[in-house]
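Below are some notes for a colleague who has the model open and would like to go through it point by point. Please read them alongside the structure.

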Amino acid sequence: MTELIRFEGVSKAYVSTEVRTHALRDIDFAVSAGEFVSVSGPSGCGKSTLMNLLGLLDFPDTGEVSAFGQRFTRHEEGAMTRLRRGNIGFIFQAFNLIEDLTIQENVEMPLHYLKVGTQARRQRARELLDQVGLSGRLAHRPSQLSGGQQQRVAIARALAAEPRLIVADEPTGNLDSRNSEAIMNLLEELTRTGAALVVVTHAPELAERARRRVRMQDGQIIGVDGPAA
């Protein structure tokens, strides 16, 4: 399998009111095309920091990051931004939808940044919203939807550009059991077409669906179940 991203000796700390908190400590971690990896552990164990680094939203204090064939030994914001576009899809627990846009326009947004034509953007957004069961709500604003519906919009938006890596923070946390199953089936199907899926979750039943299950504590990986990277 093609390796998409790798961390070597990665550490990250945050300083607040003269207190230094070590979020990650000397992490070695990699994700390849077609993998489904879950990351679990107690609150404060470093899961969110790991997610931000995987998504190239942040950079470690020490260590090296290799992503999509490019190696970083220091923070290079421009290069990281270019690699995120079209390569990485995010499913945020907080949704991060834009209230001034319809849900169709929210889903189109990643394609707008990639300069995809208007008709192609609209067609892709409609197809994805149909897949997540929201084809009848295209003109609605996020505030007109329930939390579960907003979560499904966020998932559709994450998939719009057909990313090679999907990073998801509790992707089914606001969904009922029927919609949770449908969304996880959709995400798992993407791994069979070559995309990688990394799910950060507290839910044991969701973590257990992954082929490789990573457990974290105190900023370190304390166990891995399933095949090695």
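Predicted model: local features only at pLDDT ≥ 70, side-chain atom pairs only at ≥ 80, totals over all residues.

1. Valine 10 has isoleucine 27 as its bridge partner, the latter lying in strand 2.

2. Together strand 1 and strand 2 make a hairpin in which 2 residues lie between them.

3. Turning to the helices, helix 5 and helix 6 pack with their axes 12 Å apart and at an angle of about 5°. Since angles under 35 degrees count as roughly parallel, helix 5 is therefore roughly parallel to helix 6.

4. Which residues of helix 5 meet helix 6? From helix 5 they are Arg152, Ile155 and Leu159, and they meet Asn179, Ile183, Leu186, Leu187 and Leu190 of helix 6. Sorted by class, the contact between these two helices comprises 6 nonpolar residues, with 1 polar and 1 charged.

5. The largest pocket has a volume of about 530 Å³, and of the 21 residues that line it, Ile88, Phe90, Pro110, Tyr113 and Arg157 are the closest to its centre. At least two lining residues come from each of helix 2 (77–84), strand 6 (88–91), helix 3 (103–113) and helix 5 (147–159), while helix 3 gives the most, with 4 residues. By class, the lining of this pocket divides into 12 nonpolar, 6 polar and 3 charged residues.

6. The second largest pocket holds about 280 Å³ of space, and among the 16 residues that line it, those closest to its centre are Arg124, Glu162, Leu190, Thr193 and Ala195. Helix 4 (118–131) and helix 6 (177–192) each contribute at least two residues to this lining, which by class has 9 nonpolar, 3 polar and 4 charged residues.

7. Two links between these points deserve a remark. Leu190, which takes part in the contact with helix 5, is also listed among the residues closest to the centre of the second largest pocket. Helix 5, for its part, packs against helix 6 and also supplies at least two residues of the lining of the largest pocket.

Conventions:
Residues numbered from 1 in each chain as written. Heavy atoms only, no water. 1 Å grid on protein atoms, 1.4 Å probe; cavity = no way out; pocket = protein on both sides within 12 Å on 5 of 7 lines; lining within 4 Å. Points joined across faces, edges and corners; volume = space filled by probe spheres on them. Nonpolar A, V, L, I, M, F, W, Y, C, P; charged D, E, K, R; others polar. Pairing = 2+ DSSP bridges. Axes fitted to C-alpha atoms, helices over the stretch in contact; angles between N-to-C directions. Parallel < 35°, antiparallel > 145°, perpendicular 65-115°, else oblique. Contact = heavy atoms within 4.5 Å.
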